[in-house]
Amino acid sequence: MEDNPVAQQPSQQPTRVDCFFDPACPYAWTTSRWLLEVERLQPIDLRFRIMSLSVLNEYREVEPWYREFNDRAWGPARVCAAAEALHGNAVLRDLYTALGTRIHGERNKDYDAVVTQALDEVGLPASLAKAACGDEFDAALRASHLAGQEAVGEEAGTPVVTVDGAAFFGPVLTAIPRGRETVRLFQALRTLAGMDAFAELKRGRGALDLG
C-alpha cells in the first residue's frame, strides 16, 4: 500500500489557496487540475477566481495570432464573471470544470457551443451565455482580474495562485502531477510562500496550444 502523502497535521487550519484562472488558458487549466488533486489528498481551502488575459493584453502590442486568441477569450471569461455576480463564487468551480473539459480536454474552440453546453451541464441559466457578447459584467471581471494582479504585486499572466496570502504567477505546469508528486509540489510551493526573500523561479516550459 502506498504511503499516505498527506503531510498536514489534523490540528492545522487548511491552507487557503486561491486560483485565478482564465478559462481559455491551458496553463491555468493544468494548474487548476493539480490543485484539485492536492485538495483530494490533503485539506486545503481552495477557491477559484477569475482573471482575464483579454484584460491583461488589452492595450499591448502582440502577435496577430495572440491578438485573435485574446479577442476570443473575452467570451468565456465574461460568462464566468456573470455567473459569479449573479450566483455566487461557489459556482465557478463546476462551471470552470465544464468549460475547461471542453476547451482543453476535448479541444473544442467553438466557445459559443462550449458555453451553452457548460451552462446546461452545471444547471445555470442559459441566459448567462449572452454575457459573452456584451460588457455588462466587465467591471466585475476587471475587478477580479485586478485583485489577482495586486496580489502578485506586478502584471502577471495566468495562472495566479495565492497560498496563505502569498501570490505567484504559476506554477506553470505542462502535465498534472499525480500521487505523491502532487503533494510534494504543493509543499514546495508552501515553503517558497513562507520565504520573504523568494521572488522568482523559471525554466523552459515547452509548447502548449493557445489557439
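**Rings, contacts and helix faces**

Modeller: Let us start with Phe 48, which is found in strand 2. Keep in mind that this is a predicted model.

Biologist: Why is Phe 48 called buried?

Modeller: Its relative accessibility is 2%. Buried means under 20%. So Phe 48 counts as buried.

Biologist: What does Phe 48 touch, leaving aside its neighbours within four places in sequence?

Modeller: Its contacts are Cys 19, Phe 21, Ser 32, Leu 36, Asn 89, Leu 92, Arg 93 and Tyr 96. Asp 94 is 46 residues from Phe 48 along the chain, and their C-alpha atoms are separated by 9.8 Å.

Biologist: How many aromatic pairs does a search of the whole structure find?

Modeller: The search finds 8. One of them is Phe 21 with Tyr 96.

Biologist: What makes the pair of Phe 21 and Tyr 96 stacked?

Modeller: Check two values. The centres are 3.9 Å apart, and the limit for a pair is 6.5 Å. The planes are 10° apart, and stacked means under 30 degrees. So the rings are paired, and the pair is stacked.

Biologist: Where in the chain do the two partners, Phe 21 and Tyr 96, lie?

Modeller: Phe 21 is in strand 1 and Tyr 96 is in helix 4 (residues 91-105). They are 75 residues apart, and the pair links distant parts of the chain.

Biologist: How do you know whether Phe 21 and Tyr 96 are buried or exposed?

Modeller: Phe 21 has a relative accessible area of 0%. Tyr 96 has 0% too. The cut-off for buried is under 20%. So Phe 21 is buried, and so is Tyr 96.

Biologist: Why is the pair of Trp 34 and Phe 186 called tilted?

Modeller: The ring centres are 6.4 Å apart, within the 6.5 Å limit. The planes stand at 55°. Stacked needs under 30 degrees and edge-to-face needs over 60. Trp 34 is in helix 1 (residues 26-41) and Phe 186 is in helix 7 (residues 180-193), 152 residues apart. Trp 34 is buried at 0%, and Phe 186 is buried at 0%.

Biologist: What makes you say that Arg 33 sits over the ring of Trp 29?

Modeller: The charged end of Arg 33 is 3.9 Å from the ring centre. The limit is 6 Å, and the charge must also lie within 35 degrees of the ring normal. Arg 33 also lies over the face of Tyr 96, at 5.3 Å from the ring centre.

Biologist: Which residues have the most contacts inside the largest nonpolar core?

Modeller: They are Phe 21, Leu 95 and Leu 99, in a core of 52 residues. Helix 3 gives the largest share, 10 residues. In soluble globular proteins, nonpolar side chains tend to be buried together.

Biologist: Why is Thr 158 called buried?

Modeller: Its relative accessible area is 4%. The cut-off is under 20%, so Thr 158 is buried. Thr 158 lies in the loop between helix 6 and strand 3. Its contacts include Phe 21, Met 51 and Phe 169.

Biologist: What makes the span of helix 7 agree with expectation?

Modeller: Helix 7 has 14 residues and should span 20 Å at 1.5 Å a residue. Its end C-alpha atoms are 20 Å apart, so the values agree. Thr 182, Val 183, Phe 186 and Leu 189 are buried in helix 7. They fall within an arc of 120°, so they line one face of the helix. Their cover includes strand 1, helix 1 and strand 4 (166-169).

Notes
Residues are numbered from 1 along each chain as its sequence is written. This is a predicted model: local features need pLDDT of at least 70, side-chain atom pairs count only at pLDDT 80 or more; totals for chains, interfaces and linings use all residues. Side-chain values use heavy atoms; hydrogens and water are left out. A nonpolar core is a set of buried Ala, Val, Leu, Ile, Met, Phe, Trp, Tyr and Cys residues joined through side-chain atoms within 4.5 Å. Buried means under 20% relative accessible area, exposed over 50%, partly exposed in between (1.4 Å probe, protein chains only). Helices (H or I, at least four residues) and strands (E, at least two) are DSSP runs, numbered from the N terminus. Rings of Phe, Tyr and Trp (its six-membered ring) pair if their centres lie within 6.5 Å; planes under 30 degrees apart count as stacked, over 60 as edge-to-face and the rest as tilted. Contact means heavy atoms within 4.5 Å. The expected span of a helix is 1.5 Å times one less than its number of residues. The arc is that of the directions from the helix axis to the C-beta atoms.
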